[in-house]
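Reader: I've just opened this one up and I'm new to it. Could you walk me through some of it?

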Amino acid sequence: MDLDVESSSISELRSHCESCFPLMDEFVPIREKYVDLLEFSNFNGIPYPLIDPTKKPRRFLADFRYSWSIPLSHDYPLVEREVLSSARVQKVIKKLKEQNDEQKNRAVQFFTEITARLSKFICKCCAYVLYKVFRRLMNKLLVCKEEMEQLKRAEETGVPIVYLPLHRSHLDYLLITWCNWHFGLKLPHIASGDNLNLSGLGWLLRATGAFFIRRRVDPDDERGKDQLYRAILHSYIEQVLGKNMPIEFFLEGTRSRFGKVLTPKNGLISNVVEAVQHGFIKDCYLVPVSYTYDAVVEGIFLHELMGIPKVRESVFGVFRGIFSGFRKSKQCGVVRMHYGRPIRLTEYLSTITASLSNHRTRPVRMTKMSTSFSYRELVPWHRTHSETVDDRTMIRAIGFHVVYEAQMMCSISPVTVVSCLILAKWREKVSRSTFEQDCEWLCEEIISEGGDVVGYQSKRTKGSAIANYAFEKLQSCLKITDDYIAPKETHSSFIQLAYNKNSIICRFSIKSAIAMTIVSRPPGATLSFDEIVEDTLSLCDWLQFEFLFCRPCDNLRELVHNVLSNKEWAHPRRGLLMSEIEEDGFLDAGDFQRDGTLRVRNVKSRETLQFFANLIRPFIQSLYLVSSFVVSERCSADPISDNEVIRSLCQESLAGKIELPFSPLLESINSDSFKNALRILKDKGLLSRNLPNSTARSSNSRIYDLISNLERVLEVK
């Protein structure tokens with residue numbers, strides 16, 4: 001059967017984290033088909049799949065009529081007087097030494113620089129234009145109406161909503177606002193970087209809800225450390241929420257350059273938490289949001305992934321990007337929006353504080369890979385081991401929790417499925433029939449992990465439908481004939497495929513780390529359960545800036561044990577592993593193998609483990625490349641900027657100038673992975689952190705220990 005992209009394999013709305021926010025006796029709505037926002041105007045707003053099938057659409061001037069007939073019934077008051085007269089701002093003005101009149105002028109200037117000035121007329125005009133834009137860029141724009149009804153119920157309580165979307169594309173700024181307008185929800189105030197406050201364009205963004213912030217508001221940053229600016233921004237967020245207006249900002253801080261989530265930043269979420277803790281607002285709802293694109297309109301960030309600095313946005317660049325995006329019709333394909341269950345911030349504060357207190361862990365000595373601190377085993381958002389949970393730790397944990405939930409509720413595109421199989425299993429030529437069977441297998445694996453593949457219905461959809469859908473989007477990366485499929489042997493092709501593939505890793509991150517430790521052992525070797533667990537936790541520690549392996553409330557060690565138990569990989573009949581007890585014939589279905597030894601069941605099981613291991617192999621190779629480079633003569637003995645190090649490493653790796661004991665995967669050569677590798681080496685104390693954003697050659701002996709262990713993991717002979 002063809003793909004039914006409006007159906008989902010998940011029959012109920014996601015209930016968020018059951019351990020932190022149990023539903024108790026709450027009714028969980030049944031998820032019906034997704035609705036296509038692009039069809040709303042043709043049926044005067046009636047959700048497209050639910051109408052009487054005999055009713056025909058009225059397409060004559062439909063977008064114009066709909067855009068002007070749908071009201072914007074909510075008010076969006078300016079808060080200038082409240083912000084400038086707030087106790088926080090007045091306290092800073094009095095504290096500063098300069099004359100108060102001068103500081104008051106600066107306060108007005110900062111407010112003008114930040115504030116949104118939402119215009120209903122401009123919003124209606126943009127709503128009409130966006131119909132034309134989205135129809136050009138997308139086949140469908142799908143949302144779940146049951147998720148929107150949850151948001152409506154939350155808004156009716158009078159508690160403000162904070163939308164926290166993942167950031168993949170500049171379209172992300174537009175989608176929540178446009179979707180809320182369709183369903184009669186309040187339009188959010190959207191935090192935008194000041195790089196988008198362009199001459200001739202900034203006013204338009206302000207009129208549709210954007211407020212501009214300096215890209216960094218960290219106290220150590222020269223541009224962001226102005227106390228008065230920070231007070232104005234903080235007070236502005238408080239006042240907007242206090243007026244019961246929603247806010248939207250990206251916890252990741254910037255767009256993902258490599259298709260996977262970024263570790264969350266603390267800045268704006270800390271302002272929201274403080275507003276609740278200090279009683280300025282009683283509460284607010286946090287709503288994680290994520291998007292599924294077949295492809296982002298900007299394309300891959302190839303230049304940036306090669307270490308070339310990003311070009312600052314300009315009006316000319318914006319129009320050039322729009323023209324480039326419009327050259328190819330339906331470039332984004334099918335787009336899905338996912339809204340999480342609205343959870344009150346006060347619930348986060350109480351449950352996560354208790355969770356972090358209960359899961360406190362002492363530093364543990366690593367047995368396989370060198371480290372100077374406890375590994376990020378139970379509390380990856382934790383930097384100290386004090387007896388109480390400080391505010392910074394709690395804010396970090398809330399950010400990680402929200403981002404983790406957002407990534408896990410995201411549907412998987414068929415393009416991702418095909419890209420994943422090409423890179424992790426079939427890097428050489430493969431027959432179409434074999435590949436199509438593997439497409440079905442991987443879709444079933446995703447569903448078994450609680451995920452959803454766009455258009456795939458378990459046991460009903462054929463792998464050929466998934467493959468053919470994706471092939472249309474991947475013609476620039478693949479050689480496709482009637483008989484076989486093979487990737488094109490270019491760096492850009494592998495980077496494009498890797499960008500697509502990386503969004504699936506969150507489903508299998510722990511399994512991939514376990515598989516990597518297993519396949520690094522010789523085939524047929526006896527595996528120590530304890531060694532596999534410790535090596536897996538160590539690997540997760542070294543990849544802590546690449547992936548979010550678990551929530552703050554989860555115990556990573558227990559999650560690893562669960563995968564290795566007889567309920568999953570050590571299952572007596574369908575498991576990939578076999579325990580020594582099972583070999584003796586004593587393993588019962590209820591037994592739980594937590595010690596002793598394991599063995600890979602057969603050749604097919606090892607092939608499956610190899611597939612999972614290959615999902616994260618490029619990132620381990622990137623860590624090896626960086627570790628080898630910083631101890632070599634090619635790395636400058638004098639500190640140079642991280643960007644120069646990364647750019648040099650990308651260029652020399654592609655040119656084959658760096659001697660390696662293995663042939664690196666092309667997708668392992670990218671600035672995103674190299675940056676995270678430098679970050680973890682500095683975090684572990686293996687590289688000096690005396691000069692921020694700079695690196696010099698290192699003689700730390702522990703780096704050589706790390707290189708030796710990485711060679712073992714990468715199966716270097």
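Predicted model: local features only at pLDDT ≥ 70, side-chain atom pairs only at ≥ 80, totals over all residues.

Reader: What is the relative accessible area of lysine 330, another residue with a positive phi?

Author: Lysine 330 has a phi near 60°, and it isn't a glycine either. You'll find lysine 330 in the loop between helix 12 (315–326) and strand 8. Lysine 330 is partly exposed, because its relative accessible area is 29%.

Reader: Which residues of helix 17 are buried?

Author: Helix 17 covers residues 463–473. Its buried residues are covered by elements including strand 8 (333–339), helix 15, helix 16 (432–448), strand 11 and strand 12. The buried ones in helix 17 are Gly463, Ala465, Ile466, Ala467, Tyr469, Ala470 and Phe471.

Reader: Which residue does lysine 479 stand opposite in strand 12?

Author: Strand 12 takes in residues 484–487 and pairs with strand 11 in the antiparallel sense, over 3 bridges. The residue opposite lysine 479 is alanine 486.

Reader: How do helix 15 and helix 23 lie to each other?

Author: Two packed helices are described by the angle between their axes and the distance between the axes. Helix 15 (residues 414–424) and helix 23 (residues 603–630) have axes 9 Å apart, at an angle of about 100°. Angles of 65 to 115 degrees count as roughly perpendicular. Helix 15 and helix 23 are therefore roughly perpendicular.

Reader: How many nonpolar residues are in the contact of helix 15 with helix 23?

Author: Helix 15 brings Cys420, Leu421 and Ala424, while helix 23 brings Phe611, Asn614 and Leu615. No charged residue takes part and 1 is polar, while the nonpolar count is 5.

Reader: What about helix 19 and helix 20: which hand does their crossing have?

Author: The axes of helix 19 (residues 505–519) and helix 20 (residues 529–542) come within 9 Å and cross at roughly 120°. That angle makes helix 19 and helix 20 oblique to each other. Their crossing is right-handed.

Reader: How many residues in the contact of helix 19 with helix 20 are charged?

Author: From helix 19 you have Ala513, Ile514, Met516, Thr517 and Ile518, and they meet Ile532, Asp535, Thr536, Leu539 and Cys540 of helix 20. By class, 7 are nonpolar and 2 are polar, and the charged count is 1.

Reader: Last one: how far apart are the C-alpha atoms of leucine 251 and proline 264?

Author: Leucine 251 is in the loop between strand 6 (247–248) and helix 10, and it counts as buried because its relative accessible area is 4%. Its contacts beyond neighbours within four places in sequence include Pro264 and Ile269; Ile269 is one of the buried residues of helix 10. Leucine 251 and proline 264 are 13 residues apart along the chain, yet their C-alpha atoms are separated by 5.0 Å.

Terms used:
Residues numbered from 1 in each chain as written. Heavy atoms only, no water. Axes fitted to C-alpha atoms, helices over the stretch in contact; angles between N-to-C directions. Helix = DSSP H or I, 4+ residues; strand = E, 2+ residues; numbered from the N terminus. Parallel < 35°, antiparallel > 145°, perpendicular 65-115°, else oblique. Contact = heavy atoms within 4.5 Å. Nonpolar A, V, L, I, M, F, W, Y, C, P; charged D, E, K, R; others polar. Left-handed = near helix turned anticlockwise from the far one by under 90°. Pairing = 2+ DSSP bridges. Buried < 20%, exposed > 50% of the residue type's maximum accessible area, 1.4 Å probe, protein only.
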